[in-house]
Amino acid sequence: FLASGKKNYLGELNFKNPLFFYGTTFITTKKNICADAVYDRSGGLSFPPPTMKKILNNLKFKTLCNNKNSMYVLLGKFMPKSFKIKNQAELKKALLKFPAKKVAVLKPANGLGGKGIIIDIPKNLAQIILAKKTEYVLQQFVDTSHGIKDITKEKHDLRIILIDEKIVMTSVRTPKEGSYLANVAQGGKIQEINIKKIPAEALVLTKKIQKILDKKYNYPLYSIDLGFENGKPYVFELNDQIGFPSEKMNGHKLFIHKLISSLEKLANS
């Protein structure tokens with residue numbers, strides 16, 4: 001079943017007017033259902049309620065993925081050096097800890113799709129007027145321009161997608177010419193990569209992060225986005241909003257099967 005819209009949520013695991021997948025398409029139903037388990041694909045933090053059980057990607061995990069400063073508190077040893085910024089004074093103070101002639105990264109802590117990211121030298125970043133009541137991250141710039149061996153020779157963002165402790169897909173995103181941002185929303189290109197090509201360093205890093213996240217957040221569905229500088233991987237962020245893969249992608253069947261088995265496990269827990 002596919003349920004959409006707050007008006008169709010009845011509380012607990014109950015929904016009304018869901019769509020039902022019938023063979024090859026979804027059909028409209030006029031009945032209420034009580035779900036055995038739920039995979040939440042809603043944006044924002046208004047859903048699911050904190051008390052909802054048997055849900056894949058619970059509110060605690062979504063809250064973590066919604067704030068890059070929270071990610072740094074939990075996973076900072078795997079990430080570029082970062083500072084939480086709430087006002088102009090904190091920005092100027094933190095910028096003193098960065099080399100004057102090297103670029104750094106300033107971005108909203110709750111930003112999506114590469115929006116609001118500024119990459120520049122500290123002198124110029126100090127002139128940025130921060131939005132009121134907005135939390136930022138000031139971060140060490142990771143130079144990924146040397147690429148990843150056997151995957152890409154360009155600036156990049158490597159995405160590793162996990163469901164129920166297993167890597168199900170991986171892809172590499174590369175920015176358009178003249179840009180640092182690999183986000184597809186910012187003109188970047190995405191290419192699926194064979195899981196067997198994931199560098200050993202990235203696999204080791206992934207396993208370390210899994211040990212921290214999976215049990216703590218009841219084995220969510222998420223991606224680890226990272227980049228390589230001089231052969232060393234750095235985590236950029238976690239992402240809980242993973243788009244469903246197209247049938248043209250090699251990993252789409254494994255993605256769907258692991259999603260279903262993960263829901264079955266939740267339903268029977």
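Modeller: What follows goes from the sheet to its helices, then to a hairpin, a serine and the cysteines. Keep in mind that this is a predicted model.

Start with the sheet. It is open and has 4 strands, in the order β8-β11-β9-β10. The pairing is antiparallel. The edges belong to β8, residues 82-85, and β10, residues 118-120. Each of these two has a single partner strand, so one of its sides has no neighbour in the sheet. From one strand to the next, the twist averages 20°.

Now look at one pairing inside that order. Strand β9 covers residues 104-108, and strand β11 covers residues 136-140. The two run antiparallel and are joined by 5 bridges. For a landmark, find Ala 104: Gln 140 in β11 stands opposite.

Next comes helix α3, residues 88-95. It lies across β8, β9 and β11. Its direction is at about 160° to β8. Which residues of α3 are buried? They are Leu 91, Ala 94 and Leu 95. Viewed down the axis of α3, these buried residues fall within an arc of 100°, so they line one face of the helix. An α-helix has 3.6 residues a turn, so residues three or four places apart point the same way. The buried residues of α3 pack against β8, β9 and β11, and also against α4, residues 122-125. Turn to the other side of α3 and you find Ala 89 and Lys 93 exposed.

Helix α2, residues 68-75, can be read in the like manner. Lys 68, Asn 69, Met 71 and Leu 75 are buried in this helix. They span an arc of only 155° around the axis, which puts them on the same side of α2. Their cover includes three strands of the sheet, β8, β9 and β11. It also includes α1 (59-65), α5 (200-213) and β16 (232-239). The N-terminal end of α2 is capped by Asn 67. A side-chain oxygen of that residue lies 2.9 Å from the backbone nitrogen of Asn 69.

Now the hairpin. Strand β3, residues 19-22, pairs with strand β4, residues 25-28. The sense is antiparallel, over 4 bridges. Tyr 22 stands opposite Thr 25 in β4. There are 2 residues between the strands, and Gly 23 takes a positive phi near 80° in this hairpin.

Then the serine. Ser 262 lies in helix α6, residues 252-267. Its relative accessibility is 5%, so Ser 262 counts as buried. What is it in contact with, leaving aside neighbours within four places in sequence? The partners are Leu 56, Ile 163, Asp 164 and Tyr 219.

Last, the cysteines. Cys 34 is exposed, with a relative accessible area of 54%. Cys 65 is buried, at 10%. A search of the whole structure finds 0 disulfides.

Conventions:
Residues numbered from 1 in each chain as written. Predicted model: local features only at pLDDT ≥ 70, side-chain atom pairs only at ≥ 80, totals over all residues. Heavy atoms only, no water. Disulfide = S-S within 2.5 Å. Buried < 20%, exposed > 50% of the residue type's maximum accessible area, 1.4 Å probe, protein only. Pairing = 2+ DSSP bridges. Axes fitted to C-alpha atoms, helices over the stretch in contact; angles between N-to-C directions. Contact = heavy atoms within 4.5 Å. Arc of directions from axis to C-beta. Polar contact = N/O pair within 3.5 Å; in protein donor to acceptor, adjacent residues only side chain to side chain.
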